[in-house]
Amino acid sequence: MISRVADHCFWLGRYIERAESTARLLQVTRTLAFDAELPPLYCWRPLVIVSGQYPELASHLGADAAGNGDAVQRYMTWAPDNPVSVRTSIRAAREGARSIREVIGHDIWEATNELYLWFMGEAAAAQYLHDRDEVYRHIRRSTQLCLGLVRSTMMHDEPMDFLWLGVMLERVGQTARTLDMHHHIQGAAEGQQPLLQTALWLSLLRACSGFEAYMRREQGRVSREGVVSFLLFEARFPRSLRYCLRTALALFRRLAPTRSGGTTAARARLETLDRWLDQQEKDGLPLSEHALLTHVVDEIGAACGELQGGFEGLAEAEFISRQAQSQ
Amino acid sequence: MVLIEQEATRLSTSTVLDGYRALPGTYDELVEAGGKTRQHALMVANLLGNMNADTFARCQALAELALSQRGVTFSVYSDNRGTEKVMPVCLVPRVIGASEWTVLEKGLVQRLTALQMFLDDLYGEQRSLRERVMPADLIFGSKHYLPQLKGMKPPGGVRIHIAGIDLIRSPDGVLRVLEDNLRTPSGVSYVIENRLITKRVFPAAMDRIGVRRVDDYPTQLVETLRSVSPEDPARSTIVVLTPGPFNSAYFEHSFLARSMGIELVEASDLFVSGDQVFVKTTLGPRRVHVIYRRTDDAYIDPEFFRPDSMLGVPGLMRAWAAGQVTLANAPGNGVADDKAIYPYVPDLIRFFLSEEPIIEQVPTFVCARPADREYVLAHLDQLVVKAVDEAGGYGMLMGPEASAAELDMFRERITSDPRRYIAQHRIELSTSPTWVAEERRIEPRRIDLRPFILTGKSGSWVLPGGLTRVALRAGSYVVNSSQGGGSKDTWVQEDATP
C-alpha cells in the first residue's frame, strides 16, 4: 500500500480513538463532579493536566478556569485551537477519512462524515446546552460505530492493520493518562472517607469503560491494587496497557515485511516497554504509579514519533542507488 | 419514500407542474410551445403529476441530506484551503429520447475520431497545416500546443482516453457542440451519484420506466485504461493521480479510484527511475504502468513544464516519451480543445474522415480573422465573447447584459490581443423544469449537457446521457458549479425497438 496512505490510516485510527476517549473522560468527570463531594478544581484540573493543555488553558482563560467545569468542558469539547479537543479530533478524523476514502470504503467514510456534520451543526450545539450527556454519548456511539465498521467492513490486511495500530497506540496512551489523572484526584482526596475512595475508583473504571468488566472479574471487590492491576495487566480487557501493547506488537508482526526504519525502531521500543511492564509486575510495582505511567506515556510518544513519516518501505533514494548499482 | 409517493397520489389536488410553461423563444425539454408534453418526456410529467409542492420539497430535502452525508462535494477556491460545497442537485430529471440519443452517440464518436486524428497529425506530419485546413499561426500561437512533443507517439496509441463534449440546444431544437474538453473533463461522478439519489427518492418511478444505466462507467473506464498499458494489461498497475484533497474535483478523483478499485496517488507518491515510474509503498517501490492523471499538463512534470510546480513528478514526461508509462489523457491535447480551434472542427471532420459532421456547432467569430474581428467589435453588445484560454465561465463578456465600461474593456482587450478571443451570438439555451426552493414551485431554468466518451484500444464508448448542468438562478445562462449552477439526473430512454 502507498506509504502516505499508511500514515493517513494510522492517524485516522488515532483521531477516532482520541475523540471517543476525550468524550468519555468528559462525560465521566462530569458525573464525578456532580456526585463526589470533591471541589470542582480537584475533579477538572487533573483532566486538563493529563491532556497536556494546562498551561494553554491557564494562559487563555486564567488559572481559575481549571476549576470551572463549564470552561474546561467548553475548552476540551469545542475549542478549535486546542489540539486535543473533541472538535479538533473529529475534524482531523474527517479530513483524514476524506483523503483515504477509497481505502477505507464508503461506510466508514459516511459514518465519520455524519459525525462531523452533526457535531459542527446546530443540533449538537443546541443539545450541548440542554442535554450535554447525550452529546458525549452521541460522540462515543458514532466513533465506536466507525471503529466497528473498520473491523467488519474493511479487508483485514495492511490498511486496517495500520489503522488499528493507531487505535491501539492512542488507547494505551489514553489509559495511562486516565490512570495518572486519577492519581492526581486521589491525591487530593487523601484521608477522606473510604466511601469516597471507592467512588473514585469506580469513576476511574468508568472512565476506561471497564466498570462492568472489572466488577465481574473481582466479583464486586473494589480495591486500589485490584483496579490498578486490572488497568495495567489484564490481558483480556481491551483497554488495559498490556492488551493494547500486545495487540500493537501482534500488528507489527503481521506487518513484518514492511522494512522501514521507522517501524522497526518503534516496534523494538514497544517490545522493550512490554518486557519492562512484565518486570514491574513481577517486582510488585516498585515505582510510584505516577512514575510508571509517565514512563509509559513517554515511550508511547517516542514510538509514535518514530513512526511519523516512517511508513516508506524502502526510501526512494536508496532504491534508485540500488537500481543504478545493478545496471 | 414509496410511502410518500403513494400518499401523494392519494392526496394531491394540485401538482408541482400546474401552470408550467416554456419561456418565450426558448426550447423547453419537457413541454412544447403550446404546453403539450413532449412524447419522450411523458414519464417525467407522470412522475411529477403525482406530487404536490409539499411532497416534492420533502423529496428534495431528503436528496440534499443524502448528498451531504455521502460527501458529494466540490471545492471553491474562496480561501487558501478551499471550502467544500455540496453539489446542488435538482431532482427533476432531464430526458433524452432514444432516437435522438442514437444519432448523438454516432456524432460524438465521429467528432472524437477526427480530433484524435488531428492531434496525431499536429504532433506528427502536420498535413492539416500544410494543406491549410487549419491556419498554422493559430496552432503555433496556442499556449497549449507543445512543440517539444512533436514526433512522440503516446504508448497505447490513444490520446483522448476521456473526453467531455459540452452540448447546448438552441431554440430550433438542435443540439450543438459548444465546447470540447479533451484534457481533464470532470463531472462524471455526479452523473452516477445523481442516479443513486434518484433511485433512492423515486424508487417506484425508476422501476416502471426504462432508463439506460450509468453505473458501469467505472468498469468501462478501468478497462479503457488497462487496454492502453505499455505492458501486459493483466499485469499492469493503474493509478489515479490527483493534485490532492483541496482540488475542486477531489471528490471525483477519490470516487473514481474507489469505484475502479485502484490506488489514488498524489505526485509525491510517485518517482521516476531509469525512465520507469514507481509508487512508494510500504513494501518498497512498485512499478506503475498507466496513470489517469487529473492534473493539468503544466503541473505534471516540473522538469518539462514548470520548474515552480510542486504538483509534478520530475521525469514523468521522459518516462512517457520512452513509452514506459501511459498518461491519460495524453499531454498536449489542450491545443485541440482550444476555443480558437473550435470553429475549424467541422472542417477537420471533413478533412480527416471525408464525412459531413453529424452534430452541428455554434457559429463562431474568430477575432484573429480581420473580417470577423471587425464584425465583433461593431456588434459587441449583442455577442458573447470568450477568452480562449479561460474555463469555468470566467473571462467572459455577456454583451447584452454588459455595462458600457465592460464593453469598452473588452473592446480594448480584443484589439490588443485578438487571438485570445472568439465570439458567438447568445444562444437561448433550452430549459428544463427545475425546482425553485424559495418559490416552492417548478420553473424553467437553462441547461446544457456534457456527455462522456471513453476511447481505448478497441474504439470508443459513450456513457448514456452525461452530466446535465442547470443555471439555478432565474434568467442565468451560466451553468458552472463554481458560479451558482447545479446538476440533474439525465435519463436516456431505453430503445423501444428490440
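Modeller: An axis here is a line fitted to C-alpha atoms, for a helix over the stretch in contact, and angles run from 0 to 180 degrees between N-to-C directions. This is a predicted model, in which local features need pLDDT of at least 70 and side-chain atom pairs count only at pLDDT 80 or more, while totals for chains, interfaces and linings use all residues. Residues are numbered from 1 along each chain as its sequence is written, and chains are lettered from A and ligands numbered from 1 in the order in which they are written.

In chain A, helix 10 (residues 158-188) and helix 11 (residues 194-207) have axes that come within 10 Å and cross at roughly 160°; helices (H or I, at least four residues) and strands (E, at least two) are DSSP runs numbered from the N terminus. That angle makes helix 10 of chain A roughly antiparallel to helix 11 of chain A (over 145 degrees; under 35 is roughly parallel, 65 to 115 roughly perpendicular and the rest oblique). From helix 10 of chain A, T178(A), H182(A), I185(A) and Q186(A) meet L200(A), L204(A) and A207(A) in helix 11 of chain A, a contact being C-beta atoms, placed from the backbone, within 7 Å.

In chain B, helix 4 (residues 98-122) packs with helix 12 (residues 345-353) at an angle of about 80°, their axes being 9 Å apart, and the two helices of chain B are therefore roughly perpendicular to each other. Among the residues of helix 4 of chain B in this contact are M117(B) and F118(B), while those of helix 12 of chain B include L348(B) and F352(B).

Chain B also holds an open sheet of four strands in the order 7-6-11-12, with parallel pairing, where two strands pair if DSSP finds at least two bridges between them. Strand 7 (263-266) and strand 12 (326-328) of chain B stand at the edges with a single partner strand each, so one side of each has no neighbour in the sheet. Neighbouring strands of this sheet are turned by 30° against each other on average, direction ignored. Strand 6 (residues 238-242) of chain B is joined to strand 7 of chain B by four bridges, and V240(B) stands opposite L264(B) in strand 7 of chain B. Helix 10 (residues 250-260) of chain B lies across strand 6 and strand 7 of chain B, running at about 170° to strand 6 of chain B.

Key:
Two residues are in contact if their C-beta atoms, placed from the backbone, lie within 7 Å.
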